[in-house]
Amino acid sequence: MNIKSFIVNYLRKNRILAVRFSNFLNSISLYFQVWSRRIIKTINHETSDHASEWFILNKPDLLKKINKIRTRQKKEYPHYSYFYNYPYQAFSTLSIFGERSTEERFTMYKLGEYINKTHKILDLGCNCGFMGIYTSYRIGCQVDGIDINPHAIEIGQLCSSYLNVDDKVHLKACRVQDFKKNQKYNGIFSFATHWTDDNNYRVQLKDHFALLWDLLENDGILFFESHCTDVGDKNFYSSIAKITTKFQTLYRTDTDAGSRHYYILRKIS
Ligand SMILES: C[S@@+](CC[C@H](N)C(=O)[O-])C[C@H]1O[C@@H](n2cnc3c(N)ncnc32)[C@H](O)[C@@H]1O
């Protein structure tokens, strides 16, 4: 066995250790970024505009606040930890460590091609809401995001205000089952959330799609990502085949090295 495969095997067998070590690397990389900006300010005799430096210099403070919320989450939210109590969603723009890259998903899911700034988007089971926050940050659209986990929502609210999109992005701790259907959306994100590992949302796929259909404007667009366990599951494909009579498929691909399916569907009015 060569050194590379030894390290790969070791990391895969010691997942928690690998995750903690990656988080540590992410944290120190932020401190290097901050010091690199400080050095530039110093050699410029502090002549650089102070206000222009806030984006990087305030990040350690943001991460401290997020870590405090994570500590509270560990004590107060025993339901389920998606990624060892680290955010499920990573957010490089703000140097936030997590499992799944928001920026990569934004590109892979073609959100920039199908959403424009006049759109109002709903992100169901949004976790920290980073997908909606980043979409609004890039495109300027309005986003409502809901998640059952109030700690994830609190983290998202800090981040949307850091990026100055809190006038457009509204995140709320709420169960999908309790969400009031008093408005319709131009687009809905249903990413890995048509049933949940924590068992807090378990419905038939057809009922989940019926809810989404109700919440979409005519011609509204559904951005749907499967779970890994859906891949190869006959019941999943037969439900999808029935559903697509009510939606037009605009795009379909496999993501995460083929371990998930992704669909962009337009509601047929
Ligand atoms: C696998 S994560 C997916 C998160 C996000 N959609 C994404 O893909 O990045 C599932 C999320 O659903 C949330 N959740 C579970 N049950 C829920 C419910 N009944 N109502 C709202 N959110 C729920 C969890 O807290 C978790 O954040």
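Predicted model: local features only at pLDDT ≥ 70, side-chain atom pairs only at ≥ 80, totals over all residues.
Ser-226 is buried, with a relative accessible area of 0%.

**Exercise 1. Place Ser-226 in the fold and list what surrounds it.**

Step 1. Ser-226 sits in the loop that joins β7 to α10.

Step 2. Setting aside residues within four places in sequence, Ser-226 contacts Ala-192, His-194, Val-231, Phe-236, Arg-260 and His-261.

Step 3. The cut-off for a buried residue is under 20% relative accessible area. Ser-226, at 0%, is therefore buried although it belongs to a loop.

**Exercise 2. Describe the surroundings of Leu-216.**

Step 1. Leu-216 belongs to strand β7.

Step 2. With a relative accessibility of 0%, Leu-216 is classed as buried.

Step 3. Beyond four places in sequence, the residues touched by Leu-216 are Lys-184, Tyr-185, Asn-186, Gly-187, Ile-188, Ile-221, Leu-222, Phe-247 and Lys-267.

Step 4. The C-alpha atoms of Leu-216 and Gln-183 are 8.7 Å apart, while 33 residues separate the two in sequence.

**Exercise 3. Find which residues of α9 are buried and why they lie on the same side of the helix.**

Step 1. Helix α9 covers residues 205-215, and its buried residues are Leu-205, His-208, Phe-209, Leu-211, Leu-212 and Leu-215.

Step 2. Around the axis these residues take up an arc of only 155°, so they lie on the same side of α9.

Step 3. The partners of these buried residues are β3 (120-124), β6, β7, α10 (234-243), β8 (247-255) and β9.

**Exercise 4. Describe the largest nonpolar core and the contacts of Leu-111.**

Step 1. This core contains 39 residues, and Leu-111, Ile-133 and Phe-223 have the most contacts inside it.

Step 2. Elements that supply two or more residues to this core are the helices α2 (15-43), α4 (59-76), α7 (130-139) and α8 (150-162), together with the strands β5 (169-173), β6 (185-191), β7 (216-225) and β9 (260-267).

Step 3. Another core lies apart from this one; it has 23 residues, including Leu-124, Tyr-185, Phe-236 and Phe-247.

Step 4. Residues up to four places away in sequence are left out of the contacts of Leu-111, which are Phe-106, Met-131, Thr-135, Ile-139, Phe-189, Phe-191, Phe-223 and Tyr-262.

Step 5. As general background, nonpolar side chains in soluble globular proteins tend to be buried together.

**Exercise 5. Characterise the largest pocket by volume, lining and residue class.**

Step 1. The space in the largest pocket is about 850 Å³.

Step 2. Its lining consists of 48 residues, and those nearest the centre are Tyr-80, Tyr-82, Tyr-88, Asn-127 and Asp-198.

Step 3. At least two lining residues come from each of α4, β4 (142-147) and α8. The most are given by α4, which provides three.

Step 4. Sorted by class, the lining holds 23 nonpolar, 13 polar and 12 charged residues.

**Exercise 6. State the phi of Asn-199 and of Asp-256, then locate and classify each residue.**

Step 1. Asn-199 is not a glycine, yet its phi is positive, at about 70°. Asn-199 lies in the loop between β6 and α9.

Step 2. A relative accessibility of 51% puts Asn-199 in the exposed class, for which the cut-off is over 50%.

Step 3. Asp-256, also not a glycine, has a positive phi of about 50°. Asp-256 lies in the loop between β8 and β9.

Step 4. A relative accessibility of 30% makes Asp-256 partly exposed.

How values were computed
Residues numbered from 1 in each chain as written. Heavy atoms only, no water. Core = buried A, V, L, I, M, F, W, Y, C linked by side-chain atoms within 4.5 Å. Buried < 20%, exposed > 50% of the residue type's maximum accessible area, 1.4 Å probe, protein only. Helix = DSSP H or I, 4+ residues; strand = E, 2+ residues; numbered from the N terminus. Contact = heavy atoms within 4.5 Å. Arc of directions from axis to C-beta. 1 Å grid on protein atoms, 1.4 Å probe; cavity = no way out; pocket = protein on both sides within 12 Å on 5 of 7 lines; lining within 4 Å. Points joined across faces, edges and corners; volume = space filled by probe spheres on them. Nonpolar A, V, L, I, M, F, W, Y, C, P; charged D, E, K, R; others polar.
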